[in-house]
Amino acid sequence: MLSAQLRQSKAQFETARLDAQRAAAVLEKHQIRAPFDGVVVDKTAQPGEMISPMSAGGYTRTGICTIVDMGSIEIEVDVNEAYIGRVKARGAVKAVLDAYPDWTIPAYVIAIVPTANREKATVRVRIGLREKDPRILPDMGVKVTFLDEATTSRESAAN
C-alpha cells in the first residue's frame, strides 16, 4: 500500500511540475518587453483593454506605452528655411532649457533632415547634447543658438 501511495505521489508531483511549466509558458506569452532600457513616460493602454504585438484591426491596440531612452535624448527644432544655409552638420549649438534659463548646455548639430515643411516654411534639425544630465527631460521647452565658426573660435580662445 505504501508503494502504491509513493507511486501516486510521484505521479501527482510530475503532474504538478507539468502544470507549473505550462503556467510559466502562458506567463511568458503575457510579459511585455521593450527593445531597450528606458523610462515609461506615457501609459496609453487601460486595464482590461485588448493589446497585441501586431495590428489586428478592430478594437485591438498595438501601443501600450511610450518609453524614453534617457541616454539618447536629443533636441529637434524647426529652422526657418531662409536661415537653413547657416546651419552646418556637426556645427556648435548652445541650448538653454526654459526651466533652467541660467544653464547653457553645449550641443552640436547631428543632422539636417532633408525635407522641408511647406506650410511652416521650415526645415527640421536634430541636435545632440554634449552633456547628459538628469534635469533634461523629454518634451521640455528649449531655445537654441547656432554658433558660427568665428563665435566658436572666440569662445575656445577665451577658455
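**Strand pairing and an aromatic pair in a predicted model**

Ala116 stands opposite Val123 in strand 6. This residue pair belongs to a model that is predicted, in which local features need pLDDT of at least 70 and side-chain atom pairs count only at pLDDT 80 or more, while totals for chains, interfaces and linings use all residues. Residues are numbered from 1 along each chain as its sequence is written, and side-chain values use heavy atoms, with hydrogens and water left out.

The protein chain contains two helices and seven strands, where helices (H or I, at least four residues) and strands (E, at least two) are DSSP runs numbered from the N terminus. Read from the N terminus, the order of these elements is α-β-β-β-β-β-β-β-α. In general, strands of a sheet pair through backbone hydrogen bonds, in either a parallel or an antiparallel sense. Here, two strands are taken to pair if DSSP finds at least two bridges between them, and strand 5 (residues 104–117) and strand 6 (residues 122–129) pair in the antiparallel sense over seven bridges. Five strands form an open sheet in the order 3-6-5-4-7, with antiparallel pairing. Strand 3 (74–80) and strand 7 (142–146) are the edge strands of this sheet, each pairing on one side only.

The structure also holds one aromatic pair, a term used for rings of Phe, Tyr and Trp (its six-membered ring) whose centres lie within 6.5 Å, with planes under 30 degrees apart counted as stacked, over 60 as edge-to-face and the rest as tilted. The pair is formed by Tyr100 and Trp103, and it is edge-to-face, with 5.8 Å centre to centre and 80° between the planes. Tyr100 counts as partly exposed because its relative accessibility is 31%, whereas Trp103 is buried, its relative accessible area being 14%; buried means under 20% relative accessible area, exposed over 50%, and partly exposed in between (1.4 Å probe, protein chains only). The charged end of Arg135 sits over the ring of Trp103, 3.8 Å from its centre, and also over the ring of Tyr100, 5.4 Å from its centre. A charge is said to sit over a ring if NZ of Lys or CZ of Arg is within 6 Å of the ring centre and within 35 degrees of the ring normal.

For the protein chain as a whole, buried residues make up 17% of the 159 residues. Among contacts (heavy atoms within 4.5 Å) between residues at least 6 apart in sequence, 57% join residues at least 24 apart.
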